[in-house]
Amino acid sequence: MKRILTSLYTLLVVTSVSMAQPRFTSNTEMHNLGQIEWKHPLTVQYTITNTGDQPLVLTEVEPDCACSVAQWTKTPIAPGAKGEINVTFDAEALGHFHKSVAIYSNAQPHLVYLKFNGEVVREVKDFTKTHPYLIGQIRIDKNSLDFPDVQHGEKPVVSISVVNLSDRPYEPVLMHLPPYLQMKVKPNVLQKGERGLITVTLDSEKLTGLGLTQASVYLARFAGDKVSDENEIPVSAILLPDFSGMTATEKANAPVISLSAKEIDMSALLAKKAKASQNITITNTGRSPLQINKLQVFHPAVGVRLKRSVLQPGESTRLRVTVTKESIGKKRRHLRLLMITNDPAQLKVEIDIKAK
């Protein structure tokens, strides 16, 4: 009987170990780039989420030809966290292209392929794929400025590609820039059908504190334009604490944040009620006190209440999340929470909220 129990225990241990593993999930398998200009390199971005319960490590990223160069997140991606794979295509050869990128990781399967295609042309006439957002008669390639993981002292850069579809010369300008953003434009004037670049630099030393800072800038559609919902471009910057100087011993004894859920769905409740709430349990599974330095919401429809912000090893607390349906509004932006912690592996923890 003892031997049977021992065998059963061993089987359970092996099963639990095999079930605990990282999982590779990409926001898309294929990017259709449409027409891109000859000899104008273009970077394709894939957002990778670890949907497993162990850290995900991207060990190698190999494009299928020398025409592409890849960069990727090389640090372990914690469960529920995101990483990036950026592939720059040189666009040196005219014509249609179909490219693939081999991704090696410690997940199962160890090898997956991501793809992108399009057409290299001498003159781009169709900008709907490369510049999907239309503001007046101006097309842009992104409709937000995001600086997701910034350390104090860094000056990250985000660019917006702009195309003038109007019949008049156009001067790209971002209005109402906050003091921590600087803008450069090249060229200063775009003729009809021409493409330009707005480069925005974030000065992290001018951010007021850790966590999320939000603002809005506005793309002028013509000289003398005014701000409105139609030309608004949201800005978000997340300033993280710096734990880069930690020793191996300090990391081994660091706090570890564990959540009962990193995504909650209140759609069914809000279909019946004007307000809905849900609880998330936060546990410190590490070896030293866990501090939740900042807890922020991204939308006025979301309210939070945290019972305790400091947890000793093994302790848990409750985070109550409330969503008010009336406050969501017609312009549904991403509902989520942000926590800044002293867990060196999860300095930033985001909780997604569904409320359709």
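1. How many of the 356 residues of the protein chain count as buried? The share is 39%, where buried means under 20% relative accessible area, exposed means over 50%, and partly exposed lies in between (1.4 Å probe, protein chains only). This is a predicted model, in which local features need pLDDT of at least 70 and side-chain atom pairs count only at pLDDT 80 or more, while totals for chains, interfaces and linings use all residues. Residues are numbered from 1 along each chain as its sequence is written, and side-chain values use heavy atoms, with hydrogens and water left out.

2. Overall make-up. The protein chain has four helices and 26 strands. Both kinds of element are DSSP runs numbered from the N terminus: helices are H or I with at least four residues, strands are E with at least two. Along the principal axes, the C-alpha atoms of the chain fill a box of roughly 85 × 45 × 45 Å.

3. Contacts and surface. Of the contacts between residues at least 6 apart in sequence, 66% join residues at least 24 apart; a contact means heavy atoms within 4.5 Å. The protein chain exposes about 19,900 Å², and carbon and sulfur atoms supply 52% of that area. Accessible areas come from the Shrake-Rupley method with a 1.4 Å probe, and for residues only the protein chains shown count as cover.

4. Two strands pair if DSSP finds at least two bridges between them. Strands of a sheet pair through backbone hydrogen bonds, either parallel or antiparallel. Between β11 and β17 (residues 232-240) the sense is parallel, over five bridges. Here phenylalanine 147 stands opposite alanine 237 of β17.

5. Strand β12. This strand (residues 157-164) is mostly covered, with six of its eight residues buried. Three bridges join β12 to β10 (residues 138-140), and the two run antiparallel; arginine 139 stands opposite valine 163 in β12. Seven bridges join β12 to β15 (residues 195-202), also antiparallel. Valine 158 has valine 200 of β15 as its bridge partner.

6. Strand β8 and its partners. Strand β2 (residues 30-37) runs parallel to β8, joined by six bridges, and asparagine 32 has asparagine 117 in β8 as its bridge partner. Strand β7 (residues 95-105) runs antiparallel to β8, joined by ten bridges. β7 and β8 form a hairpin with five residues between them.

7. Glutamate 123 lies in the loop between β8 (111-121) and β9 (133-135). Glutamate 123 counts as exposed because its relative accessibility is 57%. The C-alpha atoms of glutamate 123 and leucine 240 are separated by 42 Å, and the two residues are 117 apart along the chain.

8. Backbone points to check by eye. Most residues other than glycine have a negative phi, and most peptide bonds are trans. The peptide bond from glutamine 108 to proline 109 is cis, with omega near -5°; proline 109 is in the loop between β7 and β8. Another cis peptide bond joins lysine 186 and proline 187, with omega about -10°. Proline 187 is in the loop between β14 (181-186) and β15.

9. Positive phi. Lysine 39 has phi near 60°, a positive value in a residue other than glycine. Lysine 39 is in the loop between β2 and β3 (42-50), and at 45% relative accessibility it counts as partly exposed. Histidine 176 also has a positive phi, near 60°. Histidine 176 lies in the loop between β13 and β14 and is exposed, with a relative accessible area of 56%.
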